[in-house]
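Subject: Structure for you to look through

Dear colleague,

I am passing on the structure that we spoke about, and below it I have written down what was found in it. Please keep the model open while you read, and look up each place as it comes.

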Amino acid sequence: MKWTAAALLSCVLASEAFSPQGQNNRSPTIVESAVDEAVSGSSASGSSTSDPLLIRAARGEKVERTPVWMMRQAGRHIQEYRDLCKKYPTFRQRSEIPEVAVEVSLQPWRNYQTDGCILFSDILTPLPGVGCEFTIDEKLGPIMDPIRDWDGLKQMHPIDPSSAAPFVAETLKILRQEVGPETAVLGFVGCPYTLATYMVEGKTSKEYLEIKKMAFNEPKLLHAILQNLADSIGDYALYQIENGAQLIQIFDSWAGHLSPRDYDEFAAPYQKQILDKIKANYPDIPTVIYIKHSGALLERMAGTSVDVVSLDWTVDMAEGRERVANGRKAAGIEGRGGVQGNLDPALLLSNHDTIKERAEEILKKAGPTGHVMNLGHGIEACTPEENAHFFIETVRNYRHEE
């Protein structure tokens, strides 16, 4: 029995508003039973005789065309999503009710035919599972009690993903059934340094002075926080794979604020722990890393042994490919490595001729193998849906010269 996203969503539209305090106590629903039935017998790695185009490209295999998706493709730029927000006004409702998260995840795939369908969630989602509760203010962003001393560290504990985020498993299982074998279902996690910025600052930040102060004055404390996170986030990544994710993208968005020396100490080792745990357990699952404003760090990112380095728009694609290859070589890693990106999201506010010209320039510079087309950062909320669709269509129609 297969449930469509629309049918699943209809099961909850008449329900009461989501309550985080009561969710873990609810009884199994008919939807959950259908999910269990639908995914029974599927492999944890999601491998098949014909893997999705995006997965093959991320592995560096020869592909018939360059695959494409967009970071933050599910969300505010889509009218359907904004309409859904009226019924489910908080982000945690939209991301933690499986049927709603499925619908939001599917909207850009359904509207644009992207080659990847990414889980609608947040990098902070696993934090309550490690002892760090948070709320999300729709205007201010995440807010939590900061950890700034050894007593605060005591509240942290290892994650049990199945109890901390069962909704993530349900969502991924349904997505695998909905999108079919040609589309890759993408999971993601936040890296320890970026997660720690929220935990130490207590909120979003522009300068990250509290965590830098800890790094310089109490480095052992920060390392303890980062190690706790690395252990749990690695397990959370495995949990996503075991429930249907066919690729894991790791986000260390705010590591771009670190100097190269501090990146080597406080970010890269913990990125690598997560990547190594994934490869030790699921060697065929491709991995991607993204850091905003990472132009100074590309070689270091490539040296973590990640499969694909996602470039932001400040890096020339041809130069980026060469630097990624050099970084892997310097670290003793075989192969050229893959790249993702890197159209400036603001270009989707321009005219179609400009979008086409800039997108095709990137495609030519990247070449026919080892490239997943994407934006250099998340799509802007003010992006016209018509332009997002045109970008995806441009890439899907492009063919490299033989």
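A word on terms comes before the findings: a residue is called buried under 20% relative accessible area, exposed over 50% and partly exposed in between, using a 1.4 Å probe and protein chains only. By this rule Ser305, with a relative accessible area of 24%, is partly exposed. This is a predicted model, in which local features need pLDDT of at least 70 and side-chain atom pairs count only at pLDDT 80 or more, while totals for chains, interfaces and linings use all residues. Residues are numbered from 1 along each chain as its sequence is written, and side-chain values use heavy atoms, with hydrogens and water left out.

Backbone

Most residues other than glycine have a negative phi, and most peptide bonds are trans. Ser305, which is not a glycine, has a positive phi near 80°, and its place is the loop between helix H16 (298–302) and strand S7 (308–310); here helices (H or I, at least four residues) and strands (E, at least two) are DSSP runs, numbered from the N terminus. Gln113 also has a positive phi, near 60°, and it is found in the loop between H7 and strand S1 (116–118), where Gln113 is partly exposed at 38% relative accessibility. The peptide bond from Gly341 to Asn342 is cis, with omega near 5°, and Asn342 lies in the loop between strand S8 (338–340) and H18.

Helix H19 (residues 385–397) has 13 residues and reaches 18 Å from its first C-alpha to its last, close to the expected 18 Å, a span taken as 1.5 Å times one less than the number of residues. Its buried residues are Asn387, Ala388, Phe390, Phe391, Ile392, Thr394 and Val395, and they pack against helix H7 (98–112) and helix H18 (352–366). Leaving aside residues up to four places away in sequence, Phe391 touches several others, among them Val68, Met70, Leu343 and Ile355, where contact means heavy atoms within 4.5 Å.

Phe391 is also one of the four residues, with Leu127, Ile225 and Tyr263, that touch the most other members of the largest nonpolar core, which has 127 residues. Such a core is a set of buried Ala, Val, Leu, Ile, Met, Phe, Trp, Tyr and Cys residues joined through side-chain atoms within 4.5 Å. Helix H13 (residues 219–242) gives the most to this core, with 13 residues.

Aromatic rings and cysteines

The structure holds five aromatic pairs, where rings of Phe, Tyr and Trp (its six-membered ring) pair if their centres lie within 6.5 Å, and planes under 30 degrees apart count as stacked, over 60 as edge-to-face and the rest as tilted. Phe188 and Phe251 form an edge-to-face pair, 5.8 Å centre to centre with 85° between the planes. This pair links distant parts of the chain, with Phe188 in strand S4 (residues 184–190) and Phe251 in strand S5 (residues 247–251), 63 residues apart. Phe188 is buried at 8% relative accessible area, and Phe251 is buried at 13%.

Finally, a search of the whole structure finds zero disulfides, a disulfide being a pair of cysteine sulfur atoms within 2.5 Å. Cys191 is buried at 0% relative accessibility, whereas Cys382 is exposed at 54%.

With best wishes
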